[in-house]
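Reader: I would like to learn how to read the inside of a protein model. Could you walk me through it, one feature at a time?

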Amino acid sequence: MDELNNTVKLQNETNAEAAAPAETVTAAPAETAKPEEVKEETVSMGEFNDEINKSLHKYAEGDIVTGSVIGISETEVTVDLGSYAEGIVKAAEMSNNPAFSIKNDVKTGDTITAMVLRENKEGNILLSVKKADDKLAWDKLKELKDQKTVSTVKVAAAVKGGCIAYLCGIRAFIPASQLSVSYVENLEEYKGKELK
């Protein structure tokens, strides 16, 4: 009798073990996402919608935009505006400084602020850094003056009585008497130098 009870008990244990994996497999798909995961998806969906809306935004002539430089050639700079089209800044629209060089003065990843000129036939947005500088520069120069900010400028040329430099795209004159505490005989020595 004990032998029969042991056999039945052994069969019951075997049947229970065989049934257990089936319950585990069935239970796994029934798990639900945690509340934090659902919240993250909602936030990222909102951000995604914001990016879509931004990318579809049409720019008007005269708008001031900011973007990141993604391409540089001899004749133009390509700017990612996060929009439906890329911005293009022709070399002539980059700076008022005659010594400006796209290859030397612009790097991929630089942030550029420019004014929208128009959309070209290819659908790109033509931009002007010079016009944006003209519009924004005087406010910026006033802010620098009010905050007594020390700026670094590169001397572009030596002229009678001093040197020419550019600050915020605006041509600036530095009198010879302000270049040094001592008398400056040769102004040409300052050309190309960076001064604070």
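Reader: Let's start with Val79: which residues does Val79 touch, not counting residues up to four places away in sequence?

Author: A contact here means heavy atoms within 4.5 Å. By that rule, Val79 touches Gly67, Ser68, Val69, Ile70, Glu86, Gly87, Val89, Ile112 and Leu127. One caution: this is a predicted model, where local features need pLDDT of at least 70, side-chain atom pairs count only at pLDDT 80 or more, and totals for chains, interfaces and linings use all residues. Residues are numbered from 1 along each chain as its sequence is written, and side-chain values use heavy atoms, with hydrogens and water left out.

Reader: How do I read a nonpolar core, and which residues touch the most other members of the largest one?

Author: In soluble globular proteins, nonpolar side chains tend to be buried together. A nonpolar core is a set of buried Ala, Val, Leu, Ile, Met, Phe, Trp, Tyr and Cys residues joined through side-chain atoms within 4.5 Å; buried means under 20% relative accessible area, exposed over 50%, and partly exposed in between, with a 1.4 Å probe and protein chains only. Here the largest core has 16 residues, and Val77, Val79, Val89, Met94, Ile112 and Leu127 touch the most other members. Strands S1 (64-72), S2 (76-80), S4 (111-119) and S5 (125-128) each supply at least two of its residues, with S4 giving the most, three. Helices (H or I, at least four residues) and strands (E, at least two) are DSSP runs, numbered from the N terminus.

Reader: Which residues does the second, separate core include?

Author: That core has ten residues, including Val153, Val155, Cys163 and Leu195. Across the chain of 196 residues, 26% count as buried.

Reader: Is Lys148 buried or exposed?

Author: Lys148 counts as exposed because its relative accessibility is 72%. Lys148 sits in the loop between helix H4 (129-146) and strand S6 (153-159). Its phi is positive, about 50°, although Lys148 is not a glycine.
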